[in-house]
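This report looks at how side chains are arranged and paired in a single protein chain. Please keep the sequence and the structure at hand while reading.

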Amino acid sequence: MQPTPRSRKWKWLFWLLVVPALLFAVYLWFVVSWSYSLGERAGYIQKFSKRGWLCKTWEGELALITMPGTVAEKFVFTVRNEDVARRVNATMGQRVTLDYSQHIGIPTTCFGDTEYFVTDVRVVPEPSLLPSAPPAVPAPAPSPAPETPPAPAQDGAGAPAR
């Protein structure tokens with residue numbers, strides 16, 4: 001039995017549209033659910049906003065400060081969870097640690113502008129700017145001045161008095 005021209009048309013449509021769409025969906029599921037790396041970064045959140053034309057995502061910048069007085073490196077990140085976004089927003093201006101997972105190969109910015117997705121935020125104490133002071137050692141007591149014998153009395157002419 002010969003396939004009809006109508007069934008051939010559906011077969012081509014299936015191979016041309018449905019199979020690539022399914023392959024793209026499987027690829028998208030894989031890159032969103034599989035994490036290339038996990039890590040954490042510490043610093044100060046300097047920018048955090050919800051943005052996008054069609055797909056609104058939370059995007060932010062973390063200033064990574066290694067030592068006081070050095071130029072800060074920026075770590076750009078995306079937050080997909082609304083609860084985590086609220087906690088990040090509440091910690092603005094404080095030193096924080098962000099836990100993140102890196103997803104490489106996401107084909108669209110609808111999931112976020114970056115490949116770093118923050119999963120948790122923790123406030124950490126400020127680092128000490130001064131090294132810890134050594135224990136206080138009491139200063140030594142001043143030594144007494146050496147005793148000198150009294151000078152002989154002199155009369156007005158510079159001669160010793162008798």
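Glu59 belongs to strand S2, which covers residues 57–64; helices (H or I, at least four residues) and strands (E, at least two) are DSSP runs numbered from the N terminus. The model is predicted, so local features need pLDDT of at least 70 and side-chain atom pairs count only at pLDDT 80 or more, whereas totals for chains, interfaces and linings use all residues. Residues are numbered from 1 along each chain as its sequence is written, and side-chain values use heavy atoms, with hydrogens and water left out.

Glu59 is buried yet has no salt bridge, and the nearest side chain of opposite charge, Arg51, is 4.6 Å away. Here buried means under 20% relative accessible area, exposed means over 50%, and partly exposed lies in between (1.4 Å probe, protein chains only). A salt bridge requires a side-chain nitrogen of Lys or Arg within 4 Å of a carboxyl oxygen of Asp or Glu; for charge, Lys and Arg count as positive and Asp and Glu as negative, while His and the chain ends are not counted. Leaving aside residues up to four places away in sequence, Glu59 touches several residues, among them Phe48, Phe77 and Thr114, contact being defined as heavy atoms within 4.5 Å.

## Overall architecture

The chain contains two helices and five strands, and from the N terminus on its elements run α-β-β-β-α-β-β. Of the 162 residues in the chain, 22% are buried. Among contacts with a separation of 6 or more, 59% are between residues 24 or more positions apart.

Cys55 is partly exposed, with a relative accessible area of 25%.

## Aromatic pairs

Rings of Phe, Tyr and Trp (its six-membered ring) pair if their centres lie within 6.5 Å, and planes under 30 degrees apart count as stacked, over 60 as edge-to-face and the rest as tilted. By this rule the count comes to six aromatic pairs. Phe48 and Phe77 form a stacked pair, at 6.0 Å centre to centre with 25° between the planes. Because Phe48 lies in strand S1 (residues 37–51) and Phe77 in strand S3 (residues 73–79), the pair ties together parts that are 29 residues apart in sequence. Phe48 is buried at a relative accessible area of 11%, and Phe77 is buried at 0%.

The rings of Phe75 and Tyr100 have their centres 5.2 Å apart and their planes at 50°, so this pair is tilted. It links distant parts of the chain, with Phe75 in strand S3 and Tyr100 in strand S4 (residues 95–102), 25 residues apart, and both residues are buried. Phe48, Trp58, Phe75, Phe77, Tyr100 and Tyr116 form one aromatic cluster.

## Salt bridges

The structure holds eight salt bridges. In one of them, Lys50 pairs with Glu82, the closest N and O atoms being 3.2 Å apart; this pair links distant parts of the chain, Lys50 in strand S1 and Glu82 in helix H2 (residues 82–90), 32 residues apart. Lys50 is partly exposed at 41% relative accessibility, and Glu82 is partly exposed at 37%. Glu61 and Lys74 also meet in a salt bridge, at 3.9 Å from N to O, and since Glu61 lies in strand S2 and Lys74 in strand S3, the pair ties together parts that are 13 residues apart in sequence. Glu61 is buried, with a relative accessible area of 15%, whereas Lys74 is exposed, with 54%.

Within helix H2, Asp83 and Arg86 are three residues apart and thus separated by about one helical turn, and their side chains meet in a salt bridge at 3.7 Å, N to O. Asp83 is partly exposed at 38% relative accessibility, while Arg86 is exposed at 55%. Salt bridges that share partners join Asp83, Arg86, Arg87 and Asp120 into one network.
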